[in-house]
Amino acid sequence: MAKVVHMQELSVVIPTFNERDNIQTLVPAVLAVFADHDIDGEIVVVDDNSNDGTIAVVRALEREHSAVHLLLREGPASLSRAWLEGFEAASKANIVCIDADLCHDPKLFPLMLERLNSCDVVIGSRYLADATSGEGKSIAAKLASKLGQYANRIFLGMSETDSSHSFRMFRKSVFDAIKGQMRSEGNVFLIEFLLRAKRNGAGVSEVPIVYGERTYGETKLRVGKESLRYLRFLFKSVLMGQRA
């Protein structure tokens with residue numbers, strides 16, 4: 001893909017559902033990275049109708065900081081729709097997607113922005129050398145993730161070590177080129193995103209990360225449900241001959 005570099009522009013998209021205690025820590029941390037590294041940034045919090053006070057916290061941050069924006073979703077809760085709507089609302093040339101649970105470190109943003117000099121998508125990998133995958137994850141979640149990475153390499157032709165991870169930075173032009181094709185729900189959205197981006201010519205790089213542990217609240221990940229979604233997506237992709 002053509003490289004048009006807007007290195008210091010960044011939209012940070014954060015989906016939330018009942019993340020009050022985490023989001024009031026995460027947003028100031030992201031703003032500090034913007035200030036320390038002269039990043040022209042914004043934070044787009046996409047909330048799925050939280051009922052724990054998350055919305056009030058983000059609204060207060062929005063009043064205090066012009067770079068913070070709250071997007072309230074309508075309709076049934078959907079993580080994939082939250083990502084899609086957040087990416088659509090982003091106004092900067094580059095987008096980074098992070099979880100609200102404090103597992104992703106915003107201090108990696110400058111390195112990932114630098115990598116965008118030579119590629120179109122940068123993934124924060126839990127499986128590269130020098131990376132850690134988080135001791136707080138259940139055995140089932142770790143096993144499903146590892147098996148999924150293996151299947152993606154074998155059946156979809158993906159060479160990346162962590163093709164399903166949500167911590168990723170990309171040019172908005174990459175999203176704009178594929179957004180009309182996106183159909184998947186849940187975390188499978190992330191695999192479909194990467195598959196379609198690569199089939200469209202996007203170059204992909206990875207950086208090792210230290211994957212943290214959730215500080216407050218409970219995970220919304222349902223391993224069984226996500227595994228079934230993934231198997232349906234994998235079967236359909238193989239049947240249609242879709243490889244990276």
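Y150 sits in helix α5, and that is a handy place to begin with this predicted model. Together with I154, F155 and V238, Y150 forms a nonpolar patch on the surface.

**The surface patch**
- The four residues of the patch, Y150, I154, F155 and V238, share about 400 Å² of accessible area.
- Helix α5 (residues 139–156) provides the largest share of the patch, with 3 residues.

- In helix α2 (residues 54–64), the buried residues are T54, I55, V57, V58 and L61.
- Viewed down the axis of α2, these buried residues fall within an arc of 160°, so they line one face of the helix.
- As a reminder, an α-helix has 3.6 residues a turn, so residues three or four places apart point the same way.
- A56, R63 and E64 are exposed on the other side of α2.
- The packing partners of the buried α2 residues are β1 (9–16), α1 (20–36), β2 (40–47) and β3 (68–72).

**The nonpolar cores**
- The largest nonpolar core has 36 residues, and L10, V12, I43, I98 and F109 touch the most other members.
- At least two residues of this core come from each of β1, α1, β2, α2, β3 and α4 (109–115).
- Helix α1 gives the most to this core, with 7 residues.
- Beyond its neighbours within four places in sequence, I98 is in contact with V12, V13, I14, P15, L26, V30, H104, F109 and F167.
- Another core, of 32 residues, lies apart from the largest one, and its members include A82, L84, F87 and A151.

**Salt bridges**
- The whole structure holds 12 salt bridges.
- One of them pairs R73 with D48, with the closest N and O atoms 2.6 Å apart.
- This pair links distant parts of the chain, 25 residues apart: R73 is in the loop between β3 and α3 (79–89), and D48 is in the loop between β2 and α2.
- Are R73 and D48 buried or exposed? R73 counts as buried because its relative accessibility is 6%, and D48 counts as buried at 7%.
- R73 also forms a salt bridge with E85 (3.2 Å, N to O).
- E85 lies in helix α3 and R73 in the loop between β3 and α3, so the pair ties together parts that are 12 residues apart in sequence.
- E85 counts as partly exposed, at 29% relative accessibility.
- D176 and K179 form a salt bridge, their closest N and O atoms being 3.7 Å apart.
- Salt bridges with shared partners join D48, R73 and E85 into one network.

Note on methods. Residues numbered from 1 in each chain as written. Predicted model: local features only at pLDDT ≥ 70, side-chain atom pairs only at ≥ 80, totals over all residues. Heavy atoms only, no water. Patch = residues over 30% accessible without salt bridge, like charges linked within 9 Å, V, L, I, M, F, W, Y side chains within 5 Å. Areas by Shrake-Rupley, 256 points an atom, 1.4 Å probe, with all protein chains shown as cover. Salt bridge = Lys/Arg side-chain N within 4 Å of Asp/Glu carboxyl O. Helix = DSSP H or I, 4+ residues; strand = E, 2+ residues; numbered from the N terminus. Buried < 20%, exposed > 50% of the residue type's maximum accessible area, 1.4 Å probe, protein only. Arc of directions from axis to C-beta. Contact = heavy atoms within 4.5 Å. Core = buried A, V, L, I, M, F, W, Y, C linked by side-chain atoms within 4.5 Å.
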